[in-house]
Amino acid sequence: MLIGLIVLVVAVVMYLMLTYNGLVRLKVTCDNAWSDIDVQLKRRYDLIPNIVETVKGYAAHEKGTLEGVVAARNQAMSAQGPAAKGEAEGMLTASLRQVFALAEAYPQLRAVESFTQLQATLNQIEDTVQNARRYYNAVVRDFNTMIEQFPSNIVAGMGNFKEREFFQISAPAEREVPKVSFGAPGA
């Protein structure tokens with residue numbers, strides 16, 4: 001009887017320890033995944049002034065559009081947390097889409113090699129952000145699921161683990177990667 005009780009206590013302690021360590025691992029993985037997103041977004045933010053300056057040289061009278069991009073960039077940079085960041089990123093993506101539309105109206109801009117390189121770099125960054133966002137959201141899903149499932153929810157409550165927000169872009173039109181192809185129309 002005593003041995004059975006000891007085995008039961010050891011099993012419960014092992015379960016609690018393994019569950020707690022699993023929650024800690026997922027929490028750290030969430031933090032790391034968010035950091036990866038943050039790094040890619042910073043690369044994006046750093047690239048935007050170069051795009052704006054390049055466009056400004058060819059489309060100076062499009063000042064309102066360019067100021068809108070800068071304002072959206074600043075708002076996205078200062079947003080805190082996945083939900084606010086997702087909303088701000090959606091507005092920034094929409095603003096960038098307007099800048100890319102300008103290039104269609106200014107063929108001489110499309111011919112500038114530095115602009116072509118900037119658009120290619122931005123396209124790569126957008127793909128990387130999208131992949132990082134998918135990974136982050138998958139880790140958050142696993143973490144939140146573990147926090148809500150019984151009996152791990154008891155350990156999560158004792159360890160004060162809180163659910164994480166998903167990183168989502170709010171409007172369906174803003175979910176699309178900005179088109180950065182400036183080939184000849186119809187090409």
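The legends below accompany several close-up views of one predicted protein model. Residues are numbered from 1 along each chain as its sequence is written, and side-chain values use heavy atoms, with hydrogens and water left out. Because the model is predicted, local features need a pLDDT of at least 70 and side-chain atom pairs count only at pLDDT 80 or more, while totals for chains, interfaces and linings use all residues.

View 1. Helices (H or I, at least four residues) and strands (E, at least two) are DSSP runs, numbered from the N terminus, and read along the sequence they give the pattern α-α-α-α-α-α. Of the 187 residues, 39% count as buried, where buried means under 20% relative accessible area, exposed means over 50%, and partly exposed lies in between (1.4 Å probe, protein chains only). Among contacts (heavy atoms within 4.5 Å) between residues at least 6 apart in sequence, 79% join residues at least 24 apart. The accessible surface, from the Shrake-Rupley method with a 1.4 Å probe, comes to about 10500 Å², and 59% of this area belongs to carbon and sulfur atoms.

**View 2. Helix H2 has a buried side and a face that is turned away from it.** This helix, residues 63-78, has 16 residues and reaches 23 Å from its first C-alpha to its last, close to the 22 Å expected at 1.5 Å a residue; the expected span is 1.5 Å times one less than the number of residues. The buried residues of H2 are Thr65, Leu66, Val69, Ala72, Arg73 and Ala76. They lie on the same side of H2, because they cover an arc of only 120° around the axis, the arc being that of the directions from the helix axis to the C-beta atoms. These buried residues pack against helix H1 (2-58) and helix H3 (81-105), whereas the face turned away from them carries the exposed residues Lys63 and Gly64.

**View 3. Ala94 is seen here in helix H3.** With a relative accessibility of 28%, Ala94 counts as partly exposed. The C-alpha atoms of Ala94 and Gly68 are separated by 9.9 Å, although the two residues are 26 residues apart along the chain.

**View 4. Ring pairs link Tyr20, Phe143 and Phe161 into a cluster.** The structure holds four aromatic pairs, which are rings of Phe, Tyr and Trp (its six-membered ring) with centres within 6.5 Å, counted as stacked when the planes are under 30 degrees apart, edge-to-face when over 60, and tilted for the rest. One of them joins Tyr20 and Phe161 edge-to-face, at 5.5 Å centre to centre and 65° between the planes. Tyr20 lies in helix H1 and Phe161 in the segment after helix H6 (152-158), so the pair ties together parts that are 141 residues apart in sequence. Tyr20 is partly exposed at 40% relative accessibility, whereas Phe161 is buried at 9%. The charged end of Arg164 sits over the ring of Phe143, 5.8 Å from its centre; this term requires NZ of Lys or CZ of Arg within 6 Å of the ring centre and within 35 degrees of the ring normal.

View 5. Most residues other than glycine have a negative phi, and most peptide bonds are trans.
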